[in-house]
Amino acid sequence: MIKLFLTSAEGIYDRLNEILRDMLGYTPEIKRTAAGKPFIGGNPLYFSVTHSGRRGAIAIAEKPVGVDLELFKGELHALVKNSFPKEEQDEITCERDFLRHWTVREAFVKMHGKTLAETLKNLQYCGANLYFNGELQAVEIFTHALDNGILTVCTEK
């Protein structure tokens, strides 16, 4: 089960607390890992939060989950794209493609509670498959094209 909530970026953690209270029957204490990933002690549910501009999203699941939202800005992102492997660069022909590839990376990183600095160079997303350190990852990736951006949810299989 993955529940996805689109919301305003403003007050997103208040909205998260409301959702968790409704789902669990109490307001859990939200803690943070050393890398800054928020979690619920005892992990009755996993969650991930993202925002871009004024929009936000919350993903809640029974297993580790990551979510990322990026809004279109009319940018080519050439500098970042050029740091991707050649096979992946070939799949990116427009901003929508770039943001799909980028949000997959971010959602995966959030799911694992790592940072982009730790993992970016070791990720590759090609042919709808995600590789970390050259190994195919056992993840489910759900990418949604919104009217003004791209939203991706990543969870363990």
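**Aromatic ring pairs in the predicted model**

Three aromatic pairs were counted in this predicted model. One of them joins Phe84 and Phe98, whose rings are stacked, with a centre-to-centre distance of 5.8 Å and an angle of 10° between the planes. This pair links distant parts of the chain: Phe84 is located in the loop between α2 (78–81) and α3 (86–91), whereas Phe98 belongs to helix α4 (residues 95–112), 14 residues apart. Phe84 has a relative accessible area of 4% and is therefore classed as buried, the limit for this class being under 20%. Phe98 is likewise buried, with a relative accessible area of 3%.

A further pair is formed by Phe108 and Phe132. The ring centres of Phe108 and Phe132 are 5.9 Å apart and the planes meet at 45°, so the pair is classed as tilted. Phe108 is part of helix α4, and Phe132 is part of strand β8 (residues 129–132); the pair therefore ties together parts that lie 24 residues apart in sequence.

The surroundings of Phe84 include additional contacts. Phe84, Phe98 and Trp102 are linked by ring pairs into a cluster.

Conventions: Residues are numbered from 1 along each chain as its sequence is written. This is a predicted model: local features need pLDDT of at least 70, side-chain atom pairs count only at pLDDT 80 or more; totals for chains, interfaces and linings use all residues. Side-chain values use heavy atoms; hydrogens and water are left out. Rings of Phe, Tyr and Trp (its six-membered ring) pair if their centres lie within 6.5 Å; planes under 30 degrees apart count as stacked, over 60 as edge-to-face and the rest as tilted. Helices (H or I, at least four residues) and strands (E, at least two) are DSSP runs, numbered from the N terminus. Buried means under 20% relative accessible area, exposed over 50%, partly exposed in between (1.4 Å probe, protein chains only).
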